[in-house]
Amino acid sequence: VISDLMAGLTDVLGQGLSHSFYPVPQEAIGVGSAFEGWSPRAEDVVYQVLVPLSPPPGHVFHLELDTAGMAQRNCRVRVELLCTCSSGQLVEDVLCFLHHPEQELRREQEPSLLHTLCTGSYLDVEKTAQWFCRFVRLAWMLLPQSCRWRLTLLPSRRSCRVQLSKEKESLMAEMILGVRRGDSDIFVGSQPSAVGAASTTWIETCAVAEAKFFSHISRRAPQDSCHCKCLQLLSLLGVGLSSYTLKTVLMHLLSTVPLAGWRGRDFPWRMMDIMEYLLCSLQTKQLHHFVIGNERFPGEISLPSDLRLAEAPNLFQQLASDPNAHGKAVQECIHLLHG
């Protein structure tokens with residue numbers, strides 16, 4: 001249902017924005033636990049999709065990344081106007097923003113992206129999310145799903161959150177907007193950021209690369225592979241740690257334990273492996289990011305060279321500086337392991 005909805009929205013939005021200078025939405029990509037196959041509770045699932053945005057004619061995006069060695073880096077998307085009147089750059093029915101008189105531009109065509117969704121020269125996350133939500137509301141009325149489902153837009157400053165409902169059924173979806181880094185599977189996205197972050201701050205995300213890793217594993221693993229069941233159960237049990245931490249541990253083991261060892265009958269042993277790996281990581285206060293700086297990461301999934309060669313960030317960096325939280329996590333992990 002969500003995939004069909006996104007395909008329809010992308011098509012309608014693409015047609016509706018074809019003569020404007022707003023970002024151009026591309027085919028949505030399913031990310032997160034629901035699309036990776038390990039959602040712990042079916043009734044609580046939020047179907048998360050990333051909607052890549054391309055620059056409109058006469059514009060180009062430049063990503064300015066924060067070089068701090070963190071698991072998630074901040075980024076700004078600088079918008080620059082391109083000359084469309086020079087040889088090879090001519091765009092039909094588009095006046096050049098750089099070389100046509102301002103009066104003619106105002107009279108003949110829509111304003112540039114710099115004058116609509118930007119703050120200064122940078123694409124504004126909040127303005128872009130609000131614009132996208134407005135278009136989703138309008139586009140919804142043109143989709144066949146609107147005859148069967150009721151769409152409710154939910155409050156969100158940096159993404160488009162919707163609820164679809166009919167009779168006793170209800171689905172929640174979150175559309176995160178993103179700009180691709182080159183031709184890689186790494187994006188900068190509009191997901192929630194730290195409190196106080198500027199509205200021009202986008203967050204680098206490996207969500208698409210991780211979703212592709214799960215697809216890569218599913219194609220090669222035994223038909224009765226238990227890897228998703230392991231993560232489902234661990235997420236339900238909890239350990240005082242985020243589901244992303246547990247997912248990272250599982251991904252590390254999937255790249256080291258042969259896939260033939262993940263059959264249904266191996267479930268108890270793989271659960272023990274995961275818990276022992278997690279306990280060891282907690283005790284040493286070290287859990288490396290799975291995508292960044294990982295030599296084992298599949299080459300078929302495209303990463304920027306700086307991420308492949310980077311030093312892997314430690315996801316337990318904050319835990320290491322909080323003795324109380326660290327001690328509690330270790331004790332909970334030991335208790336669960338022995339249980």
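**Exercise 1.** Is Ser 242 buried, partly exposed or exposed?

*Solution.* The structure considered here is a predicted model. Begin with the position: Ser 242 belongs to the loop between helix H6 (227-237) and helix H7 (243-254). Next, take the relative accessible area of Ser 242, which is 39%. Buried means under 20% and exposed means over 50%, with partly exposed in between. Ser 242 is therefore partly exposed. As a further step, consider a distance: the C-alpha atoms of Ser 242 and Cys 83 are separated by 47 Å, and these residues lie 159 residues apart along the chain.

**Exercise 2.** Locate Gln 191, classify its accessibility and list its contacts, leaving aside neighbours within four places in sequence.

*Solution.* The loop between strand S11 (187-189) and strand S12 (202-205) contains Gln 191. The relative accessibility of Gln 191 is 11%, so this residue counts as buried. When its neighbours within four places in sequence are left aside, Gln 191 is in contact with Gln 72, Arg 158, Ile 176, Ile 203, Glu 204 and Thr 205.

**Exercise 3.** Determine how many aromatic pairs the whole structure holds, and classify the pair formed by Phe 290 and Phe 297.

*Solution.* A search of the whole structure gives nine aromatic pairs. For Phe 290 and Phe 297, the ring centres are 5.7 Å apart and the planes stand at 70°. Ring centres must lie within 6.5 Å to pair, and planes over 60 degrees apart count as edge-to-face. The pair is therefore edge-to-face. Now consider accessibility: Phe 290 counts as buried at 1% relative accessibility, and Phe 297 is buried with a relative accessible area of 3%. Elsewhere, ring pairs link Tyr 22, Trp 131, Phe 132 and Phe 135 into a cluster. A ring can also face a charge: the charged end of Arg 76 sits over the ring of Tyr 122, at 3.9 Å from the ring centre.

Notes:
Residues numbered from 1 in each chain as written. Predicted model: local features only at pLDDT ≥ 70, side-chain atom pairs only at ≥ 80, totals over all residues. Heavy atoms only, no water. Phe/Tyr/Trp six-rings, centres within 6.5 Å; stacked < 30°, edge-to-face > 60°. Buried < 20%, exposed > 50% of the residue type's maximum accessible area, 1.4 Å probe, protein only. Lys NZ or Arg CZ within 6 Å of the ring centre and 35° of its normal. Helix = DSSP H or I, 4+ residues; strand = E, 2+ residues; numbered from the N terminus. Contact = heavy atoms within 4.5 Å.
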